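Reader: Hi! Could you walk me through this one?
Author: Happy to, here it comes.

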Amino acid sequence: MELIFEISKSGRRGFIPPKMDVKPYKLTSEYVRKNPPKLPEITEGEVVRHYTNLSRLNYAVDTGFYPLGSCTMKYNPKLNEKVASLSGFSEIHPYQNPETVQGAMELMYELGESLKKISGMDAITLQPAAGAHGEYTGIAIIRKYHRDRGDFSRDEIIVPDSAHGTNPASSAMNGFKVVVIKSNDRGMVDPEELKKAVGPHTAGMMLTNPNTLGIFEERILEISRIVHGAGGLMYYDGANLNAIMGQIRLGDLGFDVAHFNLHKTFSTPHGMGGPGSGPIAVKSFLADFLPVPTVLKKGEKYVFDFSHEKTIGKVRSFYGNFSVLVKAYAYILVMGEEGIKRASSMAVLNANYLKAKISKILKVPYNDRCMHEFVASTINLQDKGVKALDFVKRMLDYGIHPPTVYFPPIVHEDIMVEPTETESKYTLDRFVEIVEKIVKEADENPDLLKDAPHDTPVRRLNDTQAARHPVLRWKEN
Ligand SMILES: Cc1ncc(COP(=O)(O)O)c(C=O)c1O
């Protein structure tokens, strides 16, 4: 596709400003350009077409199935966008007097109350801007909690080997050593391994449940008891909350700190770097460590509370990604308690339906009942020289977004599929047909997969070059 600079033709206009009706003002020469800016010259219609065509090169959850494991790419109701764009939400400023933004503060307060209820926790901050940011904030709280008790020896965070990379990263960024424990042959944390890992150095454990294999950690109460017994705290990575929301509460499972990925579980468009929101909730004994300010209700008024004496400080400007908070709250209100419970049931049902079908085509290493996602492997196609990456790139030619690959790292050539509750049986069946077709192609013509994708706006990209050598600006030859 041509760049907007390439379709530009000298003299074309998209906008004609009204005739000037004020006296001209002569700038001093230091402020006057020597040369006019090199802006593209095109008509209004061409601008609209250019950007519309550009947007159509993107793959999106609104254009096709997006079974990206661990990312919960569900349908985002358009109503949420409408609500977030209401002027009372979109045209206010964080420096406004709180008296004039009581509605927005009520929304933040009520969203916090809903998330506390869903999670069974006691206090909350809406500040963190993503799941990983929530992790960082939660682990900073755990660190400060131990120091506040005068315990400086706890310098280790335990994570299972199935953990998402952000878990060890947020622990390390808080100065902790990361202790990795091996999962058992059912893909779960082995309490016996955990017992060997805990001790006077344990500050806490980070866990997502269901874990990244889509398996519910059935011995979670025992796990929490072991960590607590050693003096550590339990951190819940909320990326997989979509599987259990409305069914069980994190507080009841023994977690002390938890983050929510509002942009996953509570339906905000995400991907490509944002916007996200990763509130964290804590048990009451950690409430004083939360970032400031939090929102309180005093009588009929909502106020910002800066009174936390042990606060870890602020982790983001102002109060969080406000438009995401609005969308999440709209979603929660529309769904209601029953709807939220039904959503997680449907997410689990869809994943199990798909797993049952896919396990007849590809290897599924952990084939117990899954939660909202499952991991399959293309290892059996290895003798054709086909890798998981080739397999999922070929899906793009059939109009499907590739599932997550090579994560969790404990399964070889894995693809991680999360269908979500918003997909129909028709879409799931079509996915199965396509997987079947690609397995056949791998057998008959493996090069078709190795060179895939064939029909996308750009072919296979270098995985890392865009990050290492970004080209962010057009330069005239
Ligand atoms: C299991 C798990 N934990 C944490 C995260 C980090 O969340 P975020 O992308 O919102 O920073 C992810 C993201 O995919 C995840 O899958």
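Author: What follows is a short chat about this predicted model, from its domains to its backbone details.

Reader: Which domains is the protein divided into?
Author: Domain 1 covers 4–55, domain 2 covers 78–334 and domain 3 covers 338–465.

Reader: And how far apart are the C-alpha centres of domain 1 and domain 3?
Author: Those centres lie 47 Å apart.

Reader: Let's go to helices. At what angle do H13 and H14 pack?
Author: Helix H13 (residues 388–397) and helix H14 (residues 425–444) pack at about 120 degrees, and their axes are 10 Å apart. That angle is why H13 counts as oblique to H14. The crossing of H13 with H14 is right-handed.

Reader: Nice. Which residues meet there?
Author: From H13 you have Phe-391, Arg-394 and Met-395, and from H14 Ile-434, Ile-438 and Glu-441. By class, this contact of H13 with H14 holds four nonpolar, no polar and two charged residues.

Reader: What about H12 and H14, what's the angle?
Author: Helix H12 (residues 322–358) packs with H14 at about 25 degrees, with axes 10 Å apart. Angles under 35 degrees count as roughly parallel, so H12 and H14 are roughly parallel to each other. H12 also passes H14 in a right-handed crossing.

Reader: Which residues of H12 and H14 meet?
Author: In H12, Asn-350, Tyr-353, Leu-354, Lys-357 and Ile-358 meet Leu-428, Phe-431, Val-432 and Val-435 of H14. The contact of H12 with H14 has seven nonpolar residues, one polar and one charged.

Reader: Switching topic: which residues come nearest the ligand?
Author: There are 14 residues around the ligand, and Ser-70, Gly-131, Ala-132, His-164 and Ala-239 come nearest.

Reader: How does that shell divide into nonpolar, polar and charged?
Author: The shell around the ligand has four nonpolar residues, nine polar and one charged.

Reader: Back to Ser-70: where is it found, and what is its phi?
Author: Ser-70 is in the loop between helix H2 (44–55) and helix H3 (78–84). Its phi is near 75 degrees, a positive value in a residue other than glycine. Most residues other than glycine have a negative phi.

Reader: Last one: which residues are joined by a cis peptide bond?
Author: Pro-210 lies in the loop between strand E4 (202–207) and helix H9 (220–229). Another joins Ala-452 and Pro-453, also with omega about 0 degrees. Pro-453 sits in the loop between helix H15 (446–450) and helix H16 (465–468).

Key
Residues numbered from 1 in each chain as written. Predicted model: local features only at pLDDT ≥ 70, side-chain atom pairs only at ≥ 80, totals over all residues. Near = placed C-beta within 6 Å. Nonpolar A, V, L, I, M, F, W, Y, C, P; charged D, E, K, R; others polar. Domains from an automatic or database assignment. Axes fitted to C-alpha atoms, helices over the stretch in contact; angles between N-to-C directions. Helix = DSSP H or I, 4+ residues; strand = E, 2+ residues; numbered from the N terminus. Parallel < 35°, antiparallel > 145°, perpendicular 65-115°, else oblique. Left-handed = near helix turned anticlockwise from the far one by under 90°. Contact = placed C-beta atoms within 7 Å.
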